[in-house]
Structures are given as structure tokens and as C-alpha cells.
Amino acid sequence: MTPAKAAGGARGARGSAAARLALLAVPVAFFAVFFAYPVAAIVARGLHVDGSWRFGRLWDVLGQSDIRHVLWFTTWQALASTALTLLVALPGAYVFARLDFPGKQTLRAVVTVPFVLPTVVVGTAFLALVGRGGLLDDLWGVRLDTTVWAILLAHVFFNYAVVVRTVGGLWAQLDPRQEEAARMLGASRARAWRTVTLPALGPAVAAAALMVFLFTFTSFGVVQILGGPAFSTLEVEIYRQTSEIFDLSTAAVLTIVQFAAVGAVLAVHARTVRRRETALRLVDAAGTARRPRGAGQWALLAGVLASIAVLLVLPLAVLVQRSLDAPGFAYYRALVRDDGNVFLVPPIDAIGNSLQYAVAATVIALVVGGLAAAALTRRDAGRLVRGFDALLMLPLGVSAVTVGFGFLIALDEPPLDLRATWILVPLAQALVGVPFVVRTMLPVLRAVDQRLREAAAVLGASPWRVWREVDLPMVRRALLVAAGFAFAVSLGEFGATVFIARPDNPTLPVAVARLLGRAGELNYGQAMALSTILMVVCAVALLVLERLRTDRAGEF
Amino acid sequence: MRALELDRATVRFGGRAVLDAVDLVVAEHEVVCVLGPSGSGKSTLLRAVAGLQPLDSGRVALDGRDQAGVPAHRRELGLMFQDHQLFPQRDVGGNVAFGLRMHGMPRDRQGERVRELLELVGLPGAAGRAVASLSGGEQQRVALARALAPRPRLLMLDEPLGQLDRSLRERLVVELRELFGRLGTTVLAVTHDQGEAFALADRVVVMRDGRIAQSGSPLEVWQRPADAFVARFLGFDNVVEATVTGEVAVTPWGKAPVPAGSGQGARTLLVRPAGVRLGDADDGLRCTVAARTFRGTHVALHLQPEGAPRLEAACALRDAPEVGSTVGVSFDPAEIVVLD
């Protein structure tokens, strides 16, 4: 591109600055009211005591021995989960990247399913596997739900796909001829791998590890269900302080700590990702996989398949089996009965609530995320706009519990009292869904050639017409994928929803958690049945999305 | 009638004038080609006329009406982009009909017009084809049909044949010339390829650093380049400073005859390769043959005189001396131009 052409783009951008500001107005307002304001409310609730700022509160709270215990557990279980996930999933990443075997495409989709499953479903599935009356208990009398192993295994289950997608995705695109070149220069197979492939993969492994650490550090649903009274992460403690001890001030301080920790991890992650973008020779992934050769590769393939079967497929299979473990679908039929025991309404109503909330949340997330993506489309966006881009990602990393807690304390009193309206839940879920929408739409929108829009304009299309005739046909698919993501995220959202869902209007995950909190075989069975329904809906949504997404343009 | 008039049109990018007070008139039915190296501002010129690039000062008028404040989609122009920019989601017919739809033409008449245009550009019956299935030359034709369909008052072409291979380019340029003549289309094209410009244009405008260096018919520009820049851009290398007295110029290559009536005093001199005559080594300026390149119709020679810049000469293959041999050079005044 000649300098003149590049500068031409910059000038045009200045001309459309007003239009872009108009586009940004809605997302900015949304984030100001539903993210910045609640976060500010949390800070004030935690550190503003009796009319004055008391930053010493931070040290007071952190000095308590049980809080220190929670912090320590949160950190080490996240580290252990990350290490265990890498250990189990890196061979998987290799197998998916470099080996070719029948059924690989299907298996890749299967491996991805856990990532979109609601945390509550995962917790329930592992309870069915390793908990009281679970499969292992039945067979050998082994129970892990009182140990940390249940949490660690559930975290591996969840994040397997993160490692396979991030590391395996890059691995498949690394040019195998680089390794071949090293071997022609005299390196052994192992040495070629260590000197050529490993350094290229390093940043991707680091990025994946950080993502897993972040997800497990902020793990809520899984720990809430599997941790019992013995194990509590920061997230769970925030919830406990809020809903059981009613110490909102301490909960706020913990949220601030959480916020800071997550911010630090995100900053490191952003740097890692930037480094990952350094020049690598990438090729089409389709051409790099080979049939397994030799005993070693066959054994590796067998090992990976076995670990997937045991860690990923078995828990879900047990979940389904347990939900059917009563004559005549008794657990499912119990869902529609109004026994007034656990809920004010039949549990099946939770499905209706969830769907209604999910539709509303999807619409909100699409409008907010779509407008933001449209405004951020231009590559030459200014620093302010780029900063907003980063801000949009925050709710993804900042835990759902933060969002829920923030909503709870900020939006239940004047000037903004939304406590009585049903829209509160979809708003929180949309906040969690917006980053997915932006990340899915932005690469596609940016790929639309500006001159294609100019060609349409010269042929007589007004700006609105240009968007409809040129942009829309190209982003329609991405828009569908984004909608699917937002829908799945909202459907399975637990951390934020549990704070703000009204007792008479539970969502599916909230209903499952509540059923599990009650004694009795029927409640247990109903939880299994509801989880199964939720799992099927989410898995179907994901498989449809995988079908739609042939271009792999987004980052998720 | 003036189809297009630019009046001191200026565009600045960060303080640098990419278009610097350009005056340009394109008459109705005229084909004008703007010729210049990349970065000379010729694409910006097109974008400014199209309304895709706002002017910093000056004026663009179409059919005598000032276009200030008229957005691109209301200017009723045709613009063919360098890489065509066909809409990938639409088939050939959909692309050609796009402008017709934007102008609200009824459906049945759209189909008729699309058929008509595809016939015109030599792709009859291609309306149902996918854009991705087209070859480079076919894309080129579809882009042309799409630009022509709404009957623009001015058709603009940005490096129209830039991406095609040589033989296709030479064929298409003849077709375009014929087509524009038949339709009476007013055309403003930009290109960096002089062959393309000379073959296509009624008038050639040479641009340099955002200014117009020369404007005239292809023959005028070829015969009398305005200055050393234009001469070099047209591919002439034998351009030197000289002092002209009467019909003789003193150059680094010695004395050379110039045509009667040439400008006098310190001047820039252009010696066309054909005007460099080769003779015996002891007859005229002694040069060593440094290189020879076969050019199909002739052989281009690089001659190295002692203590003077290299000379480019052209001669027939059978007369061409070997590399390393010594020749004597004299000059033909008919092929020498004293630049202003």
C-alpha cells in the first residue's frame, strides 16, 4: 500500500468519527451502567465505611485466617488444575494436530462440548461419577467428592478443549517441513522437536495455561457443588459471605481482591498473546496430519482416546444414566409436578424461564456487541476506541460472581432499582455474553474490504444500503454464531444469575443447584434430569454452531 | 460541454499535498488517461472525483455543477477498481444489476439491461455464473459491465488492466478503445503503464507529486515530453543537461545537432535511442558496448563512452555489435528534442 492510500483511510476515518461515536453510544452507556457502576458500588461498599474511605479494610479482611486459607486454596487448586490439564490435554493437542484417524472430526466436536456446558451440569455429572451413590461408590465404594480430586478432575474436564484448541490449533498449522529441515541438518527426531517445534508452541502453551488458570481461579459452580464445606474458592466465599453470612462489606473486599488478581492475569495473558503473534510460518492445517506410524504413535493415540473416554465422555454418560435410573422416567415426570417443596413452581418452569431469559440476553448481547463491533471495525481506530475494545473483554475474565454481586448491590436501590424487573437477569447474562459476540463479529467485519463498500457507494448505494447489501450478507453467518454463543452462555450462566434470580423464577442452573442442595433421592434424580436436559440443549447448540462455523474466523 | 472540471483541487495527507491545486477538464465523450508513477496522486484524483475522498480545497464539478457536499452515491459516476471488487456473495448478473437496483430500475428492465451489457463486454449468458469461477479477464469484463450498467455520466478506471497478463492486456485495451468510441462514453482512467495510456486515451495527463506535469495527445506527449521527469518516466534514459547555440548543443557526449528553432541556452536534451547512430570506432564518440538486450523488434544497446554517462541506442539485430566491442557514435537531429 502506498503511503497515500494508507493516509486516505485515516482521513476517511476522521470523516466518519461522528458516525462511530453514535454507534459506540449504546455499548458505552451499557457498560457504564451495568459494569462500571456496579464495580464502583462494590468498591464503595467494601472500602467506604461510616462515611470515610478505609483502605485498611483490605488488610483487615486479608488478615483473617479463614480468608487466607480460602486465598491459598484458590491459588493452589488453580495451579494444580492447570498443571493436570496440561498434562492430560497436551498429548491430546498433538494427536488432534498431527495424527489422522477415522472419526477425528466428530471427536473434535465431542471434546469441545464440555467447554460450553454449564458449570452446574459439570458439577452434577462429576457428582454422579465420584460422589455419594455415584458410579465409583457403587462399584468399589470409592468417593472423591469430599476430596480435592473431584474439583481437579472436573476442571480438567472443562478445560481440555481450551488446550486442544489453542495449542493444537497452532500445532496443526506449523509447517512440518521446518522439522524436516532440522532433521536434514542432522538433528534427531527428539532434538528437532525440542529445537524447532517446542519454541514455536511455547507462547501458545503459555496462553492456554493462563486461560486455564484464569478459569479455574474463578471457578464457582463446580466448587460450589463438589467442594462441600471443606473447600471454598474466593468466588464461593464471596457468595457465602453474601447469601449466608450477609456480610456484604467483606464480600465486597473479596471481590476487589478477585478483580485485582484477574486483572493481573489478563494483563499477562494479553502480553503472551501479543508475543504469540510473532512471525511463525503457518500452513493450512488440513495438510499436516498423517496416519499414525509405529507403536509409539498408536499407543499415544490409544492413550488419548482412553483419557477422553474416561474423563470427558464417562461423566456425561453417567449423568444421563442416573437421570434415567428410576422406573418410567420418574425423575423427568417429577419435574412437571408442582409439589411446592423446593420451589414455588414446578421445576420444569425453570426451562421456560431460562429460555425466556436467554432469548432476551441474546438480543441485548447482539445489539450491544454488534454495535460495538461495527464501531471497532476500522483498523485505524484511535487509542480511545482500542481501549474500549479491551474494556469490552473485561467481563469475560472478571468473574461472573463479580457481575452478579455488583448487580445485587448496585441495581437494587434508587437511582436504578431493577430488583423487581425480570430484565435484571438477562442484563447480567448479556454482559457475560457481549465479549463472545464482539470476538466473533470483529474479525469477520474487519475482513470486509473497505473498497467493496466504496464500489457499492459509487454504484449508488447510500451508507445504510451499503451496510445492508455488502456487510450484512458477509456477517450473517458470524451473527448467527455470535447469537448461538450468547444464547448458550446465557442458558448455562450460573455465577451471576444465582445472585439475582428471584426465588419464584429460577433458571435451569439455579434450579439444579437448589435441587442438589436438598436431601432425598427424588431431588437428586430431578437434578440429574434437569442437568441432562440442559446438557442436551447446550451440546446441540454447540454442534449446530460448529457446522455453521466453517471459516473459523472467531477466537473462540 | 465539460463533463468534469477540477479547479485547483487539493488533498493533503498530514500536511503533504497528495493533490496539489490540480486543474483538469474532461470534455464529454473524451477519453482521458492520467499517467504517473505510484504515489503521484492519480488514485487520489479518482477518489476525489468519486466523492470517496473529501477535498481540502478547490472544487470538483460534474456537468458544470459543483459537487461539494454531494456524497459518492449521488454522483452518478462509474468506477472500476484496480482489483475489480466484485461482490463475492452475488453472481455475475447480481453484480451487474447492483447499480440498476440502487437506482430503482424495475426488475424486468434490469434483466434486459444485464443481458445487453454482458453481450457488450463479450460474456453473453454469464449472468448465472459465480464470481469466484471467473478468470481475471472475465472479472475485468464483469466489473466493466457493472460500472457501465447505470449509464454513468463519467466512467473512471483505476489501473484497469493492471493485474492481467500482457497478451490479454493488449487485446483488452483495443476492445475498450473500440467500446468507448462506439458508446461515446466519457472516460477518466489512471494507469502507470504508458503503453496502456497511449493506446486508450484521446488525451494523456502526466502526473508527478500531485501536480500535472504535462497534458496533451499521446503523440504530443511522446514527441515532446515537457521535461526531464516526463521523458524519463516515458522510458527515455538519454536525458542530459546541454547548452544550445543555434542548431548545435554542447553535451557530455560532445557536440550534437538539434532541430532548427529549438530553445537556446542551458537546456535539457533528450536523445531517443533511435537517434544514436553507430559507426566505425574512430568515427565520432568512442564507446564500448556494455550490454545488449534483445527486444523483439530491435536490440537495445548500452554504450559506455569515456568520461561521460551511458548512452542507450537501438539498432536492428543484424547490425548489433558484440558486447565488449568498440563503436563510434554520431547523432541524428530528427530524434533529438530540446526540452523546455
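The model scores ipTM 0.80 and pTM 0.69. Chain B has an average pLDDT of 89, and 100% of its residues score at least 70. In contact with each other are 26 residues of chain B and 23 residues of chain A.

**Overall make-up**

- Chain A contains 24 helices and four strands, and 46% of its 556 residues count as buried.
- Chain B contains eight helices and 20 strands, and buried residues make up 41% of its 340 residues.
- In chain A, 82% of the contacts between residues at least 6 apart in sequence join residues at least 24 apart.
- The corresponding share in chain B, for residues 24 or more positions apart among contacts with a separation of 6 or more, is 65%.

**Confidence within chain B**

- Mean confidence in chain B is lowest in H5(B), at 86.
- The highest mean in chain B belongs to E3(B), at 94.
- Where pLDDT is low, predicted coordinates should not be read in detail.

**The side of chain B that touches chain A**

- The contact between the chains involves 26 residues of chain B and 23 of chain A. Helix H1 (42–50), strand E6 (77–80) and helix H2 (92–102) of chain B each supply at least two residues to the side of chain B that touches chain A.
- H1(B) gives the most to that side, with four residues.

- Strand E7 of chain B covers residues 154–158, and five of its five residues are buried, so the strand is largely enclosed by the rest of the structure.
- Side chains in a regular strand alternate between the two faces of the sheet.
- On one side of E7(B) the buried residues are B:Leu154, B:Met156 and B:Asp158, and on the other they are B:Leu155 and B:Leu157, which leaves both faces covered.
- E7(B) pairs with E6(B) in the parallel sense over four bridges, and B:Leu157 in E7(B) stands opposite B:Met80.
- E7(B) is also joined to E8(B) by four bridges, again in the parallel sense. Here B:Leu155 has B:Val187 in E8(B) as its bridge partner.
- E6(B), a pairing partner of E7(B), is also among the elements that supply at least two residues to the side touching chain A.

**Helix H5 of chain B**

- Helix H5 of chain B runs over residues 166–183, 18 residues in total, and reaches 26 Å from its first C-alpha to its last, close to the 26 Å expected at 1.5 Å a residue.
- Its buried residues are B:Arg169, B:Leu172, B:Val173, B:Leu176 and B:Phe180.
- Viewed down the axis of H5(B), these buried residues fall within an arc of 110°, so they line one face of the helix.
- An α-helix has 3.6 residues a turn, so residues three or four places apart point the same way.
- The exposed residues on the other side of H5(B) are B:Ser167, B:Val174, B:Glu178, B:Gly181 and B:Arg182.
- The buried residues of H5(B) pack against strand E3 (31–35), helix H4 (136–148), strand E8 (187–191) and helix H6 (194–200) of chain B.
- Just after H5(B), B:Gly184 takes a positive phi of about 70°.

**An open antiparallel sheet in chain B**

- Five strands of chain B form an open sheet in the order E13-E12-E11-E14-E20, with antiparallel pairing.
- Strand E13 (254–257) and strand E20 (336–339) are the edge strands, each pairing on one side only.
- Neighbouring strands of this sheet are turned by 40° against each other on average, direction ignored.
- Strand E12 (residues 248–251) is joined to E13(B) by four bridges, and the two run antiparallel. Within this pair, B:Val248 stands opposite B:Pro257 in E13(B).

**B:Asp227**

- B:Asp227 is in the loop between helix H7 (218–223) and helix H8 (228–233) of chain B.
- B:Asp227 is partly exposed, with 17 other C-beta atoms within 10 Å.
- Leaving aside neighbours within four places in sequence, B:Asp227 is in contact with B:Ala213, B:Thr268 and B:Leu339.
- B:Asp227 and B:Asp340 lie 113 residues apart in sequence but 6.5 Å apart in space, C-alpha to C-alpha.

Key
Residues are numbered from 1 along each chain as its sequence is written. Chains are lettered from A and ligands numbered from 1 in the order in which they are written. This is a predicted model: local features need pLDDT of at least 70, side-chain atom pairs count only at pLDDT 80 or more; totals for chains, interfaces and linings use all residues. The expected span of a helix is 1.5 Å times one less than its number of residues. A residue is buried if 20 or more other C-beta atoms lie within 10 Å of its own, exposed if 12 or fewer, and partly exposed in between; C-beta atoms are placed from the backbone. The arc is that of the directions from the helix axis to the C-beta atoms. Two residues are in contact if their C-beta atoms, placed from the backbone, lie within 7 Å. pLDDT is the predictor's confidence in each residue, from 0 to 100. Two strands pair if DSSP finds at least two bridges between them. Axes are lines fitted to C-alpha atoms, for helices over the stretch in contact, and angles run from 0 to 180 degrees between N-to-C directions.
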